[in-house]
Amino acid sequence: KYNYEIRLKAVKLVLEGGLSVREAGCHLGCGRSQVHLWATNLQTHYHIINKRINSYFIRMDNKKATMI
C-alpha cells in the first residue's frame with residue numbers, strides 16, 4: 001500500500017528526526033503500528049547486513065595476516 005519513499009521517510013522521521021512512531025504516522029497518514037514495523041524491520045536488516053560486512057572484513061584481514 002505504501003511505496004518505498006513513504007516507508008523510508010517515516011523511518012527517518014523516527015530514527016533521525018526525533019519524532020515518535022505515532023507522530024511520524026500521523027504526519028504521513030499511516031498507522032503507528034505500520035511505522036513501528038518498518039523501523040523494526042530496517043534496524044533488524046541493518047544489523048544483519050552490518051554483521052556480514054564486518055565478518056567479511058575480519059576474514060579479509062585474517063587472510064592478509066596469514067599471507068604475510
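Val 35 is buried, with a relative accessible area of 0%; buried means under 20% relative accessible area, with exposed over 50% and partly exposed in between, for a 1.4 Å probe and protein chains only. This residue has its place in helix H3. Leaving aside neighbours within four places in sequence, Val 35 is in contact with Ala 10, Val 14, Val 21, Ala 24, Gly 25 and Cys 30, where contact means heavy atoms within 4.5 Å. Its C-alpha atom is separated by 7.4 Å from that of Arg 7, 28 residues apart along the chain.

A word on the model: it is predicted, local features need pLDDT of at least 70, side-chain atom pairs count only at pLDDT 80 or more, and totals for chains, interfaces and linings use all residues. Residues are numbered from 1 along each chain as its sequence is written, and side-chain values use heavy atoms, with hydrogens and water left out.

Now for the whole protein. There are three helices and zero strands, so the order from the N terminus reads α-α-α; helices (H or I, at least four residues) and strands (E, at least two) are DSSP runs, numbered from the N terminus. Of the 68 residues, 18% count as buried. Among contacts with a separation of 6 or more, 42% are between residues 24 or more positions apart.

Next, the meeting of H1 and H2. Their axes lie 9 Å apart and the packing angle is about 145°; axes are lines fitted to C-alpha atoms, for helices over the stretch in contact, and angles run from 0 to 180 degrees between N-to-C directions. On the H1 side are Ile 6, Lys 9, Ala 10, Leu 13 and Val 14, which meet Val 21, Ala 24, His 27 and Leu 28 in H2.

Finally, the pocket itself. Tyr 4, Arg 7, Leu 8, Val 11, Leu 37, Trp 38, Asn 41 and Leu 42 line the largest pocket. A pocket is an open set of points on a 1 Å grid over the protein atoms alone, where a 1.4 Å probe fits, with protein on both sides within 12 Å along at least five of seven lines; lining residues have an atom within 4 Å of a point. Helix H1 (4-15) and helix H3 (32-67) each supply at least two of the lining residues.
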